[in-house]
Amino acid sequence: MNSFILNGNGTIIDGDIGYMRIALELARQAQDQGEVPVGAIVVQNDQIIGRGYNCPIRSADPTAHAEVVAMRDAGNNLANYRLPGCTLYVTLEPCAMCIGAMFHARVERLVYAAPDPKTGACGSIIDLPSQVRLNHHLQVTAGVMACEASLMLKQFFIQKRKIAKL
């Protein structure tokens, strides 16, 4: 079941669910590699131009969050560090680092699935996109396929705890 929580002026646009399904597939790839299951894509003009999933453990890179990996891929594909007119889809509410990277890349819109009560920077802990003093703002749509993304994360951490007990 999908739950939709609209944040600010965020509205669900035709295609958001389909794009989020692709991000969820990328999250499964992260999970298959023992990483926290978070996936992200960058879309411009109805074309996926960047894909990524969490890989900080495998890459020994603390910045290798799904969003950053997807933006790096998009930047390489566009040969530009700016991502004008782009929407970033991610299965978990971004942290402050990832929101900062989105601001620097000039991402136009963010769509995320599950809230992150530990490090979420779009309203769960802090709300960086709503800070009027910042020089870039992006539209935020929250809760697209939140139940599916939350379930995947919960199951991942339950399994990790079971393994840790052995």
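Biologist: Are Arg 109 and Asp 16 buried or exposed?
Modeller: Both Arg 109 and Asp 16 are buried, where buried means under 20% relative accessible area, exposed over 50%, and partly exposed in between (1.4 Å probe, protein chains only). Keep in mind that this is a predicted model, where local features need pLDDT of at least 70, side-chain atom pairs count only at pLDDT 80 or more, and totals for chains, interfaces and linings use all residues. Residues are numbered from 1 along each chain as its sequence is written, and side-chain values use heavy atoms, with hydrogens and water left out.
Biologist: What do Arg 109 and Asp 16 form?
Modeller: A salt bridge, with the closest N and O atoms 2.6 Å apart. The term means a side-chain nitrogen of Lys or Arg within 4 Å of a carboxyl oxygen of Asp or Glu.
Biologist: How many salt bridges does the structure hold?
Modeller: There are 3.
Biologist: Back to Arg 109 and Asp 16, which parts does the pair tie together?
Modeller: Arg 109 sits in strand E4 (residues 109–114) and Asp 16 in helix H1 (residues 16–32), so the pair ties together parts 93 residues apart in sequence. Helices (H or I, at least four residues) and strands (E, at least two) are DSSP runs, numbered from the N terminus.
Biologist: Okay, what about Arg 28 and Glu 25?
Modeller: Their side chains meet in a salt bridge at 2.9 Å, N to O. Arg 28 and Glu 25 are 3 residues apart in helix H1, which means about one helical turn separates them.
Biologist: How accessible is Arg 28?
Modeller: Arg 28 is partly exposed at 37% relative accessibility, and Glu 25 is partly exposed too, at 45% relative accessible area.
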